[in-house]
Amino acid sequence: MKQKVLVTNVMDRLCFFLEEDGKTAEIFCTDETAQNEHPEKTVHAGDIYIGKVKKRIPNIHAVFIEIFPGMECYCSEEEAADGCFTSKAGKKPVCVGDELVVQVKKEASKAKKPSLTTDISLTGRYAVVSRKKQMPGVSSRIPKKEREALKAWLQETDSSPFGVILRTEAAQLTLEELHQKLQKQEEELADLIERAGTRTCFTRLKAGAAGEEAGFAHVRWDTLEEVVTDLPDVYERLRSYLEQTEPKVLDSLRLYTDPQFPLVKLYSLEREMERALSQRVWLKSGGSLIIQPTEALTVIDVNTGRAVSGKNERYLKQNLEAAKEAARQIRLRNLSGIILIDFINLSETEDREILIRTMRELTAADPVKTEVIDITRLELMEITRKKVHPPLYEAVRKKAHTDE
């Protein structure tokens with residue numbers, strides 16, 4: 001697999017287009033205007049704050065924690081009670097007025113405020129180090145033999161009070177290099193928790209994955225061929241970011257400088273964005289997908305359209321084609337939560353099993369955790385996908401509504 005990242009302004013947003021083997025796999029957009037005008041009020045997944053408990057709602061075991069004036073976020077009462085408190089207002093496990101260290105787990109979505117966790121973690125290129133001790137974990141994308149070896153090494157050498165999960169790219173390092181990376185990450189987390197005790201309420205201790213960090217989150221450095229932007233100020237930011245995180249790929253960074261034919265036109269990026277926001281996606285067979293997000297879930301309907309109906313073999317073939325495109329669109333649009341896919345009904349149990357197995361194989365390549373549950377009695381495939389950032393359509397719509 002070969003990757004390329006294109007960075008430029010589309011629809012008044014700075015956008016990162018991640019291409020894999022010449023096809024757009026992800027689009028990540030940032031609202032530069034909001035970040036520049038109100039950096040202290042821009043909330044991103046991974047941000048770490050000292051928050052204050054504003055409300056307790058015992059009947060649903062929830063607390064609402066203010067991370068800066070006017071921004072109250074949800075946290076479960078059980079999790080809050082297990083937090084790192086910098087100031088206590090009472091003797092109960094959680095009291096209104098308590099101050100504690102929290103991290104944004106999910107960004108705001110539609111009418112929902114951001115949600116928080118007290119399991120503070122630092123995510124690096126090779127590992128995730130978290131405040132709460134747990135059994136060490138290793139990415140399931142690492143081949144089984146290497147995965148088991150890394151897990152055994154972690155268990156043998158693990159003497160820190162933190163939890164550790166190794167990411168896919170950890171397999172590229174020697175054990176000595178990996179040990180050094182982990183040690184540095186653990187020291188940074190320990191220092192952050194220690195500093196929290198001397199900071200005032202509403203202090204943002206660390207910014208999460210915004211801008212460059214989020215835009216490169218799913219890039220594999222070993223397969224990255226090129227990073228291209230036509231914005232000089234962004235070029236300097238990208239250079240600075242890569243120098244700090246992965247200097248080995250600096251040679252892949254390029255500033256595109258043809259004012260007659262901008263990057264947006266060269267790669268038809270506006271058209272790419274329009275396709276990623278469209279409800280209908282055409283399939284080569286003549287059929288199509290209809291993708292409709294709702295408040296509670298996302299529905300994907302598979303239509304045969306101009307495709308010729310026929311025997312079960314043809315239905316299975318059309319469904320497999322639709323599954324491949326649906327998996328691509330889920331990642332491209334950053335759809336999350338509950339996803340239901342209404343495939344063409346299959347009468348044979350074996351065919352349904354082939355479809356489920358294929359979908360699981362396709363979603364296994366998604367960097368964001370995605371689980372294919374089953375096909376219901378109503379012939380709907382159930383899928384869940386972890387939510388971190390808002391879906392693409394929501395990010396663009398939010399910008400449009402702000403401009404109005």
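Where does Lys112 lie? In this predicted model, Lys112 sits in the loop that runs between β8 (99–106) and β9 (115–117). Its relative accessibility is 59%, and because exposed means over 50%, Lys112 counts as exposed. Lys112 also belongs to a positive surface patch, which it forms together with Lys105, Lys106, Lys369 and Lys386.

The aromatic rings come next. A pair of aromatic rings is described by two values, the distance of the centres and the angle of the planes. The structure holds 6 aromatic pairs. One of them is formed by Phe64 and Tyr74, with 6.1 Å from centre to centre and 70° between the planes, an edge-to-face arrangement. Phe64 belongs to strand β5 (residues 62–68) and Tyr74 to strand β6 (residues 71–76); the two residues are 10 residues apart. Tyr74 has a relative accessible area of 35%, so Tyr74 is partly exposed.

A further pair consists of Phe216 and Tyr241. The ring centres of Phe216 and Tyr241 are 5.6 Å apart and the planes stand at 15°, so this pair is stacked. Phe216 is found in the loop between α5 (212–215) and β15 (224–229), while Tyr241 is in helix α6 (residues 232–245), so the pair ties together parts that are 25 residues apart in sequence.

Are these two residues buried or exposed? Phe216 has 0% relative accessibility and therefore counts as buried. Tyr241, with a relative accessible area of 15%, is buried as well. Both residues are members of one aromatic cluster, formed by Phe16, Phe28, Phe216, Trp221 and Tyr241.

Terms used. Residues are numbered from 1 along each chain as its sequence is written. This is a predicted model: local features need pLDDT of at least 70, side-chain atom pairs count only at pLDDT 80 or more; totals for chains, interfaces and linings use all residues. Side-chain values use heavy atoms; hydrogens and water are left out. Patches are made of residues with over 30% relative accessible area and no salt bridge: like charges are joined within 9 Å, nonpolar side chains (Val, Leu, Ile, Met, Phe, Trp, Tyr) within 5 Å. Accessible areas come from the Shrake-Rupley method with a 1.4 Å probe; for residues, only the protein chains shown count as cover. A salt bridge is a side-chain nitrogen of Lys or Arg within 4 Å of a carboxyl oxygen of Asp or Glu. Lys and Arg count as positive and Asp and Glu as negative; His and the chain ends are not counted. The place of a charge is taken as NZ of Lys, CZ of Arg, CG of Asp or CD of Glu. Helices (H or I, at least four residues) and strands (E, at least two) are DSSP runs, numbered from the N terminus. Buried means under 20% relative accessible area, exposed over 50%, partly exposed in between (1.4 Å probe, protein chains only). Rings of Phe, Tyr and Trp (its six-membered ring) pair if their centres lie within 6.5 Å; planes under 30 degrees apart count as stacked, over 60 as edge-to-face and the rest as tilted.
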